[in-house]
Amino acid sequence: MSDALEKAEAAVKEASTDTAAVQLAFAAMELAKLAQQQPAAPAHSCEHQHKQGRSTGEWLAIACAVCVGGVGIAFASIAIAIGGISVAILALVLRSIWQDIRKGR
């Protein structure tokens, strides 16, 4: 019976060793699961808020506003040029009339 008792003790030791190894394996698996569930720490944490970039619609609206503004400035420049020419012609006509009046014609 001592042989059977020794075999039983060896089996118990082996089972307890296997159980410890299995428990270590389970603990390692749990740690791996926890590591995957936790979000990665940000590389740089600051307190200010980052602005979001402009959307495509906003860029199109800005481009349209610039185009309309450019056309408006072009028409305004043409109107100013025509007004300047009109004032110059008026000044020349009035000067000519003034000279005619002074000469007595």
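Just after helix 2, G104 adopts a positive phi of about 85°. This is a predicted model, where local features need pLDDT of at least 70, side-chain atom pairs count only at pLDDT 80 or more, and totals for chains, interfaces and linings use all residues. Residues are numbered from 1 along each chain as its sequence is written, and side-chain values use heavy atoms, with hydrogens and water left out.

Reader: What makes up the secondary structure of the chain?
Author: Two helices and zero strands. Helices are DSSP runs of H or I with at least four residues, strands runs of E with at least two, numbered from the N terminus.

Reader: How do you know that the span of helix 2 agrees with its 48 residues?
Author: The expected span is 1.5 Å times one less than the number of residues. For residues 56-103 that should give 70 Å, and the end C-alpha atoms are 70 Å apart, so the two agree.

Reader: Why is C67 called exposed?
Author: Exposed means over 50% relative accessible area, buried under 20%, and partly exposed in between (1.4 Å probe, protein chains only). C67 has 52% relative accessibility, so C67 counts as exposed. Buried residues make up 0% of the 105 in the chain.
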